[in-house]
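Welcome! Take a look at the sequence and the model, then read on.

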Amino acid sequence: ALYDENDESDIVGMNEDISDGVSDEIHIDFNENQGVIPNEIDESDEVGSELSVGELIALAQPDHHGHLTWQLLTFVLLSEVVGAGILSLPSVFSRLGWIPALSLNFMFFLLTSYSGLLIFRASQAFPHTRSFPQLFRTVFQSKSAYGYAAFCVYFLLFFYTTGDLLVQSSSWMAISTKLSRPFSLLITFFASLLVLQARSFQNIAAVSIIGVITILLPATLSIVQLFTADRALYPTGNTALFGAEVVPALVAVLELLYSYAGHVVFLELISEMRTPAHFSRSLWTSQTIIMLLYSAVGSIMYALAGDAQWMQSPFTASLPPGGLKFVVQLLIIVHVTAAGAINATILTRAVQNVLEPLVKLGLRSVFRRKSRKHAPHDIPNLRATTAIDHTISTRMPVGEWKDVSSTKAKEREEAQNTIEASNHPNPTATAEEHLHRGIPRVADQDAWTLPAVLWWLLWTSLITSLQLTVCRIIPSFDSIISFAASIIATQANLIWPGMFNIKIFWHSRLEHSFTKRTLSIIADTL
């Protein structure tokens, strides 16, 4: 929105009350490598000429460069998408029947893979966008569009991560029936908080590998246990080519589609890659593995159980009580904790990037007021050095005092120069110097300094505490999560990708043949 192809730079305004040491206007240069602006976007609009406080804070933050290879990102996508939904597939197959279940699974594989490619294509057109809200703002050049996308995305991530906490809590209670809900939530709080301290996505990728292993292992153990179980206790039910009831079948279709959800964080994950152009490799690899896993687990368990009454959802709950069921439940807890760290990290970082600079600005303002009360003329350093000179002159011999006094005179001169420089910033300073000097910055996720770690611990603690508080205050919050998440996830998975593809590349398609242009628009619309 700030780019002007006719003038290689824009002058953007800055609010004067943000910081005393920031210039009134900033000169921002954009080179050709920062983004490719398609011809479809009208660069003549004035949107972005006046920046809000939030936009200035975002511009002042340090650039982050991704480190993930496409192989590591594949594990992140597998952990993000597969989830505990794989354990409900036998129930989906029993309600749909063989042909609809396998056909829809393959169709949703193609559909969600295509929508993922459309998101990737939009990110290639605007490489500087790191999230759906930023993409909405850039493409539609509207703050309202940005606000709508931010509301949808971050509420969805809040619902996702809260749902993960509820699953963890229920699993702890399943392991030990003596645990109460508050105590299980407390255990969940500390376990999640510990995993979230991984911070960087390079560490989250390692956690994701654990997440993938700890969902495949319990599924495999459960299948083996039920396959070798006594058929008298676990009889095989009937199977059918098509489901008999319409409403349960429609619900099963939505559950199967929801099992491919995860597109809402694709832009963030693309920005974490060392080579973003390789995202399609991760996408196709992960999507193919997911499709094969869903087909295998659903088919094996449906052939084994059919519509038997003993089959529960998730099917790991059908295991007989004993040591194996305890191990399976424990592995599921580890998986949910590891997989939930992906969405929780993205949510926490978004909150931190907005609130932490504002908190630091507020603290800076408070300390400035206090210092001005104790030091008139806003030169506390000079008053302090004067007091030191007086003390030294009364307690040291004259010869020695002269040497120290000359040193203190130099210190006074340096302090005076520092104060004058802060009150009269250099007009020739670059935009980056102005921003970095006037606005607090959030530590990069790869920085492991003590302040960076403590700030991250603060924000993860506050967000996790808020989620657990909501779970305790609002009854049946899991039902609200399912309803709201389904509505928003459908937009991110199926509606937004096609919409962006039409909007961004509409005019470029006019150069194609009528048949190709029509087929592309139909595909995006569908």
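## A first tour

Leucine 355 has a relative accessibility of 36%, so it counts as partly exposed. Please keep in mind that this is a predicted model.

**A patch on the surface**
- Leucine 355 belongs to helix H12, which covers residues 323–374.
- A nonpolar surface patch is formed by Val354, Leu355, Leu358, Val359, Leu363 and Phe367, with about 510 Å² of accessible area together.

**Aromatic rings**
- The structure holds 23 aromatic pairs.
- One of them joins phenylalanine 93 and tryptophan 98 edge-to-face, at 6.5 Å centre to centre and with 85° between the planes.
- Phenylalanine 93 counts as buried because its relative accessibility is 1%, while tryptophan 98, at 22%, counts as partly exposed.
- Phenylalanine 93 also pairs with tyrosine 302: the ring centres are 6.4 Å apart and the planes lie at 55°, so this pair is tilted.
- That pair links distant parts of the chain, with phenylalanine 93 in helix H3 (residues 89–96) and tyrosine 302 in helix H11 (residues 279–305), 209 residues apart.
- Elsewhere, Phe132, Phe136, Phe140, Tyr148, Trp496 and Phe500 make up one aromatic cluster.

**Arginines over rings**
- Arginine 121 sits over the face of phenylalanine 505, 3.8 Å from the ring centre.
- Arginine 199 is placed over the face of tryptophan 448, 4.9 Å from the ring centre.

**Helix H16**
- Helix H16 (residues 450–473) has 24 residues and should span 34 Å at 1.5 Å a residue, which agrees with the 34 Å between its end C-alpha atoms.
- Its buried residues include Trp455, Trp456, Trp459 and Cys471.

How values were computed: Residues are numbered from 1 along each chain as its sequence is written. This is a predicted model: local features need pLDDT of at least 70, side-chain atom pairs count only at pLDDT 80 or more; totals for chains, interfaces and linings use all residues. Side-chain values use heavy atoms; hydrogens and water are left out. Helices (H or I, at least four residues) and strands (E, at least two) are DSSP runs, numbered from the N terminus. The expected span of a helix is 1.5 Å times one less than its number of residues. Buried means under 20% relative accessible area, exposed over 50%, partly exposed in between (1.4 Å probe, protein chains only). Patches are made of residues with over 30% relative accessible area and no salt bridge: like charges are joined within 9 Å, nonpolar side chains (Val, Leu, Ile, Met, Phe, Trp, Tyr) within 5 Å. Accessible areas come from the Shrake-Rupley method with a 1.4 Å probe; for residues, only the protein chains shown count as cover. A salt bridge is a side-chain nitrogen of Lys or Arg within 4 Å of a carboxyl oxygen of Asp or Glu. Rings of Phe, Tyr and Trp (its six-membered ring) pair if their centres lie within 6.5 Å; planes under 30 degrees apart count as stacked, over 60 as edge-to-face and the rest as tilted. A charge sits over a ring if NZ of Lys or CZ of Arg is within 6 Å of the ring centre and within 35 degrees of the ring normal.
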